[in-house]
Amino acid sequence: MSSGSGPAGGLQPERTSLAWYRTCAALLVLGLAAPRLTWSSLDGWALLPAGVVVAGSCVLLTASRRRYLRVRRSLRQDSAPPLPDGRLPMLASGLALVLAALAAWVVLGPH
Amino acid sequence: MSTSRFPRSVYSRGTEPDARFSLANERTFLAWISVGLALISVGVGLESLALNLQPGYRLAASVLLVLGGIGCPVQAWFGWRQVETALREGRPLPFTPMLVGLPVLLAATGVLVVLALATR
């Protein structure tokens, strides 16, 4: 994890930002695909958890972009952080668990 | 030092670590989330697609994968918390239970899929 002579903080912030985009994209795609599988057993209610995941991943997408810019700025200034905290990780975990619950429903629930 | 960072049980302790380690911790967190999403995708696909497999073993494999899909986000969050706290306090990094759980789960799922193929 060397920082060399590249941008402040090396390439770490960019890698982290890309990892966030990747995860947001995966959450979004699964959230959009979920109603197809849950509609037969949940009817219109299928849109509720799927909507939560889709909306949540959009929030995550925009928030992680702002997070990346803030990290870049605070690293460049080398002043006291604070760097971002655990709010976005908590949201991402929650959305992943919602999708896991939907998956459990599809696998184990009525068809 | 900011007082409004969540969770306070992490940020009220120790001092600010090297930013690169915090960012690496975040990437590890996101990797666990991604693994969890991949597991539930395979688990749902296994059960939903019209595959020629023995139903009992197939269901067992799907259930295992979905359980993994629940364990991974849980590991992601609590692992992130513990590592961030350890980084702040300069302690050794804690053990990651899912690093044992995941290979065991995948091996068991593989066995179940082979059985599902063999007994269809």
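**Ground rules**

I am working with a predicted model, so I keep in mind that local features need pLDDT of at least 70 and side-chain atom pairs count only at pLDDT 80 or more, while totals for chains, interfaces and linings use all residues. Residues are numbered from 1 along each chain as its sequence is written, chains are lettered from A and ligands numbered from 1 in the order in which they are written, and side-chain values use heavy atoms, with hydrogens and water left out.

**Entry 1: chain A overall**

I began with the fold of chain A and found 3 helices and 0 strands. My helices (H or I, at least four residues) and strands (E, at least two) are DSSP runs, numbered from the N terminus. Along the sequence, chain A reads α-α-α.

Next I looked up burial, where buried means under 20% relative accessible area, exposed over 50%, and partly exposed in between (1.4 Å probe, protein chains only). Chain A has 111 residues, and 41% of them are buried.

For contacts I take heavy atoms within 4.5 Å. Of the chain A contacts between residues at least 6 apart in sequence, 72% join residues at least 24 apart.

I noted an accessible surface of about 6,000 Å² for chain A, with 65% of that belonging to carbon and sulfur atoms. Such areas come from the Shrake-Rupley method with a 1.4 Å probe, and for residues only the protein chains shown count as cover.

**Entry 2: chain B overall**

Chain B comes to 4 helices and 0 strands, in the order α-α-α-α. I checked its radius of gyration, taken over C-alpha atoms: the globule rule is 2.2 Å times the number of residues to the power 0.38. A compact globule of 120 residues would be near 14 Å, but chain B has 19 Å. Its C-alpha trace spans about 60 × 25 × 20 Å along the principal axes.

Of the 120 residues in chain B, 42% count as buried. Among its contacts with a separation of 6 or more, 74% are between residues 24 or more positions apart. I put down about 5,900 Å² of accessible surface for chain B, 69% of it on carbon and sulfur atoms.

Then I counted charges, with Lys and Arg as positive and Asp and Glu as negative, leaving out His and the chain ends. I place each charge at NZ of Lys, CZ of Arg, CG of Asp or CD of Glu. Chain B has 10 positive and 6 negative side chains, and the centres of the two sets lie 4 Å apart.

**Entry 3: salt bridges**

How many salt bridges does the structure hold over all chains? I get 7, counting a side-chain nitrogen of Lys or Arg within 4 Å of a carboxyl oxygen of Asp or Glu.

One of them pairs A:R67 with B:E26, at 2.9 Å from N to O. This pair crosses between chains, running from helix 2 of chain A (residues 47–77) to helix 2 of chain B (residues 19–48). Are A:R67 and B:E26 buried or exposed? I find both A:R67 and B:E26 buried.

B:R13 sits in the loop between helix 1 (8–11) and helix 2 of chain B and B:E89 in helix 3 (residues 55–89), so the pair ties together parts that are 76 residues apart in sequence. B:R13 is partly exposed at 38% relative accessibility, and B:E89 is partly exposed at 30%. B:R91 joins B:R13 and B:E89 in a network of salt bridges.

I also noted B:D18 with B:R20, a salt bridge at 2.8 Å, N to O. B:D18 is partly exposed at 32%, and B:R20 is partly exposed at 22%.

**Entry 4: two residues in chain A**

A:S93 is in helix 3 of chain A (residues 87–108). With 5% relative accessibility, A:S93 counts as buried. What does A:S93 contact, leaving aside neighbours within four places in sequence? I list B:F29, B:I33, B:P73 and B:W77.

A:P110 comes in the segment after helix 3 of chain A and is partly exposed at 49% relative accessibility. Setting aside neighbours within four places in sequence, A:P110 is in contact with A:S41 and A:W105. I also took A:P110 to A:L28: 82 residues apart in sequence, and 25 Å apart in space, C-alpha to C-alpha.
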